[in-house]
Amino acid sequence: MKKWIIFCLSALLALSLAACGGKETGAAWTEDSLQAFLDSGAFSEELEELDADILWPLYRLEDAGLSREQLDSARAFRSAGATCEEVAVLSFTDEKAAELAAGALKDYTAAQIDANRSYRPDEIPKLENARIDRRGSTLLLLVAADQDAAAQLLK
């Protein structure tokens with residue numbers, strides 16, 4: 001009986017690990033991906049470009065346990081202040097670093113929700129529907145006005 005329980009638990013663990021591996025679909029996010037989102041009509045205003053030196057402290061990547069050397073490249077576009085819309089593609093040296101950064105982006109969007117709840121309540125649904133998608137060692141952060149237009153590119 002004990003062996004049977006161990007066998008069942010082992011099989012369950014193996015299945016759960018296989019299921020986790022299936023979450024990452026498609027090729028890594030690239031600058032072309034970023035441009036496709038910008039061209040999709042998913043945003044209600046024109047977004048301004050930010051460089052990696054601004055993104056590093058903005059997304060609090062160091063607080064997630066990352067070093068600046070682990071960020072290979074980053075490119076983002078963000079609202080100048082009228083909305084909370086933004087799109088970013090971040091590329092890391094390895095998948096573990098990208099996983100840590102995904103946690104930092106989740107914390108960032110949660111903080112944005114808290115900061116904007118009374119200031120810009122109309123922006124909260126966008127932030128609550130923010131997409132953080134990891135493909136290998138790359139991450140996409142997407143906060144868009146038109147989720148349907150953006151969803152077409154997430155496939």
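Biologist: Where is the place of E123?

Modeller: In this predicted model, E123 sits in the loop between α4 and α5.

Biologist: What makes E123 count as buried?

Modeller: Its relative accessibility is 8%. The cut-off for buried is under 20%, so E123 counts as buried at that value.

Biologist: And which residues does E123 touch, not counting those up to four places away in sequence?

Modeller: E123 touches T83, C84 and E85.

Biologist: Over to L58, then. Why is L58 called partly exposed?

Modeller: L58 has a relative accessible area of 24%. Buried would need under 20% and exposed over 50%, so L58 at 24% is partly exposed. This leucine belongs to helix α3, residues 52–58.

Biologist: What is L58 in contact with, leaving aside its neighbours within four places in sequence?

Modeller: With L50, R78 and Y108. As for L105, the C-alpha atoms of L58 and L105 are separated by 9.7 Å, and the two residues are 47 apart along the chain.

Biologist: You brought up Y108. Why is the pair of Y59 and Y108 edge-to-face?

Modeller: Pairing needs ring centres within 6.5 Å, and edge-to-face needs planes over 60 degrees apart. The centres of Y59 and Y108 are 4.8 Å apart and the planes are at 75 degrees, so the pair is edge-to-face. This pair links distant parts of the chain: Y59 is in the loop between α3 and β2, Y108 is in helix α4, and 49 residues separate them. Both tyrosines are buried.

Biologist: How many aromatic pairs does the structure hold?

Modeller: Two. W29 and F37 also form an aromatic pair.

Biologist: What makes the W29 and F37 pair tilted?

Modeller: Their planes are at 50 degrees, with 5.8 Å from centre to centre. Stacked is under 30 degrees and edge-to-face over 60, so 50 degrees makes the pair tilted. W29 counts as buried at 4% relative accessibility, and F37 does too, at 1%.

Biologist: How do you know that the charged end of R135 sits over the ring of W29?

Modeller: The charged end of R135 is 3.9 Å from the ring centre. The distance limit is 6 Å, and the charge must also lie within 35 degrees of the ring normal. R135 is listed as sitting over the ring of W29.

Biologist: Now the strands. Why is β3 described as largely enclosed by the rest of the structure?

Modeller: Seven of the seven residues of β3 are buried, so the strand is largely enclosed. E86, A88, L90 and F92 point one way, while V87, V89 and S91 point the other way.

Biologist: What makes β2 and β3 a pair?

Modeller: At least two bridges are needed between strands. β2 and β3 have seven, in the antiparallel sense, with R78 opposite E86. β3 and β5 are joined by six bridges and also run antiparallel, with E86 opposite V143.

Biologist: Which residues touch the most other members of the largest nonpolar core?

Modeller: Y59, L61, L90, F92 and L139, out of 27 residues. Each of α3, β2, β3, α4, α5 and β5 supplies at least two residues of this core, and α4 gives the largest share, eight residues. A second, separate core has 15 residues, including F43, L47, V89 and L142.

Biologist: What does L90 touch, not counting residues up to four places away in sequence?

Modeller: Among them are Y59, L61, L105 and L139.

Biologist: Which residues of α4 are buried?

Modeller: They include A97, A101, A104, L105, Y108 and Q112. In an α-helix there are 3.6 residues a turn, so residues three or four places apart point the same way. The cover over the buried residues of α4 includes α3, β2, β3, α5, β4 and β5.

Biologist: And how many helices and strands does the secondary structure of the chain come to?

Modeller: Six helices and five strands. Of the 155 residues of the chain, 37% count as buried.

Note on methods: Residues numbered from 1 in each chain as written. Predicted model: local features only at pLDDT ≥ 70, side-chain atom pairs only at ≥ 80, totals over all residues. Heavy atoms only, no water. Helix = DSSP H or I, 4+ residues; strand = E, 2+ residues; numbered from the N terminus. Buried < 20%, exposed > 50% of the residue type's maximum accessible area, 1.4 Å probe, protein only. Contact = heavy atoms within 4.5 Å. Core = buried A, V, L, I, M, F, W, Y, C linked by side-chain atoms within 4.5 Å. Phe/Tyr/Trp six-rings, centres within 6.5 Å; stacked < 30°, edge-to-face > 60°.
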